[in-house]
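Biologist: Could you walk me through this model and tell me what stands behind the words you use for it? I would like to see each term set against its definition.

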Amino acid sequence: RLAAGAGIEVRFWDAATGKMLRLIKDNPRQADALAFSADGRMLATGDRNGSIKLWDVATEKSTHLLNGHANGVLALAFSPDGKLLASAGHDKTAKLWDVATGQLLKTFSGHTNNVYAVAFSPDGRIVASGGIYQPVKLWDAQTGELLRTLPTFPAGTSFRLSSLAFSSDGKSLAGGVIPLLSNVGGVLLWDVA
């Protein structure tokens with residue numbers, strides 16, 4: 001399946017055929033961030049007002065409304081086991097949520113600007129977060145401790161990370177980069193250790 005936010009709607013497509021399968025109109029605000037759980041049973045949507053909705057894909061019903069970001073949610077990622085959700089936003093934080101209860105577990109503070117990307121390591125122990133004009137940070141998902149700050153670009157470079165993804169073995173981290181003063185993007189690759 002593929003999902004995309006379109007105004008106040010969330011649309012689902014069959015990725016193999018391109019056929020639209022479903023349309024959810026129960027989202028009162030524009031969905032700017034979306035993420036599926038690994039098993040495809042849950043969908044998270046984040047909106048411009050800082051709220052996150054968790055959806056049961058089969059029933060198209062919202063299971064939880066999560067409020068914790070001061071304003072817009074820019075990125076979402078489920079842990080590999082689907083028990084945790086990481087979110088990032090305009091409020092310069094990343095957050096960690098319990099999917100079953102909707103409870104806020106951790107707030108990762110320390111970014112100096114908007115956070116546009118979050119990702120879990122394959123074992124679910126590390127959350128990576130990054131954004132605009134700033135290094136990527138690696139956090140311990142259990143304790144909330146900052147483990148490491150990864151270098152990005154030389155000072156004065158105008159960029160933003162649009163996405164983050166760990167390799168399947170968790171040894172490397174990739175970041176999609178959008179320069180703010182040109183149309184040419186790229187990918188950064190880090191050795192996590």
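Modeller: Gladly! Leaving aside residues up to four places away in sequence, His111 touches Lys92, Ser129, Gly130, Gln134, Pro135, Lys137 and Trp139; a contact here means heavy atoms within 4.5 Å. Please keep in mind that this is a predicted model, where local features need pLDDT of at least 70, side-chain atom pairs count only at pLDDT 80 or more, and totals for chains, interfaces and linings use all residues. Residues are numbered from 1 along each chain as its sequence is written, and side-chain values use heavy atoms, with hydrogens and water left out.

Biologist: Why is His111 called buried?

Modeller: Buried means under 20% relative accessible area, exposed over 50%, and partly exposed in between, with a 1.4 Å probe and protein chains only. His111 has a relative accessible area of 7%, so it counts as buried. His111 sits in the loop between strand S11 (104-108) and strand S12 (115-120).

Biologist: What makes the pair of His111 and Ser129 a polar contact?

Modeller: The term asks for a pair of N or O atoms within 3.5 Å; within protein, one must be able to donate a hydrogen and the other to accept it, and residues adjacent in sequence count only if both atoms are side-chain atoms. The side chains of His111 and Ser129 meet this at 2.7 Å. Another example is the side-chain pair of Asp169 and Ser167, at 2.6 Å. A polar atom of the Asp169 side chain also lies 2.9 Å from the backbone nitrogen of Lys171.

Biologist: Where is Asp169 found?

Modeller: Asp169 belongs to the loop between strand S16 (159-166) and strand S17 (172-179). Strands (E, at least two residues) and helices (H or I, at least four) are DSSP runs, numbered from the N terminus. By that count the protein chain has 18 strands and 0 helices.

Biologist: Why is strand S5 described as largely enclosed?

Modeller: In S5 (residues 42-47), 6 of the 6 residues are buried, so the rest of the structure largely encloses this strand. Met42, Ala44 and Gly46 cover one side, while Leu43, Thr45 and Asp47 are buried on the other.

Biologist: How do you know that S5 and S6 pair?

Modeller: Two strands pair if DSSP finds at least two bridges between them. S5 and S6 (residues 51-56) have 5 bridges, in the antiparallel sense. Ala44 stands opposite Leu54 in S6. The hairpin has 3 residues between the strands, and Gly50 takes a positive phi near 95° there.
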